[in-house]
Amino acid sequence: GLGIQTAAISCGGRSPPTTSLTAAEDYDGSAWTAAASMPEGKEFQGGSGSQAAGTIFGGTNNYPSYPAFNTKLDYDGSTWSTSPATLATARKVFGGQGGTSADVLCAGGVSPSGSPYVTNTEEFNNSINTITAGAWASGGNLNTGRYMLGGCGLQAAALAFGGTTPSTGKTESYDGTSWTEVGDLSTAREEPGSAGTQTAALCIGGQPGGGATTDT
């Protein structure tokens with residue numbers, strides 16, 4: 001999903017047991033309403049930006065083969081469009097975060113081959129002051145390759161935590177150039193919910209090596 005507590009959009013996911021969804025819904029702080037559908041079904045994708053200027057990228061669909069995508073879709077509050085700026089490394093179930101749709105970070109995940117887990121980071125930048133399209137560029141690699149991790153913060157002040165290689169609590173901080181290992185989560189887990197900033201973050205729920213946890 002994208003946005004804030006009172007202006008959010010939820011997009012994609014899976015309708016059990018096999019269908020990757022194109023559906024999206026907007027949230028106004030009290031209720032969800034149908035929004036424009038994405039041009040392709042997606043799950044396990046990354047997202048950044050706001051309800052009126054957002055982007056999602058990577059991910060997968062087509063159960064049970066689950067290919068990894070390098071595509072990027074942009075949302076302007078009413079319609080979706082396919083961006084020409086594709087990821088250099090197709091991936092799914094990674095940590096993706098950023099402050100806006102033009103300031104995005106994509107770290108870790110699983111590549112099309114499935115193994116080894118991806119450590120490389122890509123940064124997306126776009127400026128309204130140039131006539132060239134926005135593009136992804138290489139950033140610093142994670143110290144620990146993993147997927148199904150949580151992430152939050154900004155492109156130059158990001159946090160990545162949890163994930164599986166197997167289930168881990170490792171946490172890394174990003175300064176726009178390199179990742180540094182910092183304090184681990186109290187409970188190792190994969191697929192957590194995540195929110196906040198580099199210095200004020202939330203890790204919510206997830207799977208601590210099987211089952212599920214309510215820990216925050």
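Reply: A salt bridge is a side-chain nitrogen of Lys or Arg within 4 Å of a carboxyl oxygen of Asp or Glu. This is a predicted model, in which local features need pLDDT of at least 70, side-chain atom pairs count only at pLDDT 80 or more, and totals for chains, interfaces and linings use all residues. Residues are numbered from 1 along each chain as its sequence is written, and side-chain values use heavy atoms, with hydrogens and water left out.

Me: How many salt bridges does a search of the whole structure find?
Reply: The search covers the whole structure. One of the pairs is Lys42 with Glu40, at 3.4 Å from N to O. The number found is 6.

Me: Which residue forms a salt bridge with Glu43?
Reply: The closest N and O atoms of the pair are 3.0 Å apart. Glu43 lies in the loop between strand 6 (32–35) and strand 7 (46–49), and its partner in strand 3 (residues 14–15), so the pair ties together parts that are 29 residues apart in sequence. Strands here are DSSP runs of E, at least two residues, numbered from the N terminus. The partner is Arg14.

Me: Is Lys42 buried or exposed?
Reply: Buried means under 20% relative accessible area, exposed over 50%, and partly exposed in between (1.4 Å probe, protein chains only). Glu40, at 24%, is partly exposed. Lys42 has a relative accessible area of 0%, so Lys42 is buried.

Me: What separates the closest N and O atoms of Lys72 and Asp74?
Reply: Lys72 counts as buried at 2% relative accessibility, whereas Asp74 is partly exposed at 23%. The two residues form a salt bridge, and the distance between the closest N and O atoms is 2.6 Å.

Notes:
Helices (H or I, at least four residues) and strands (E, at least two) are DSSP runs, numbered from the N terminus.
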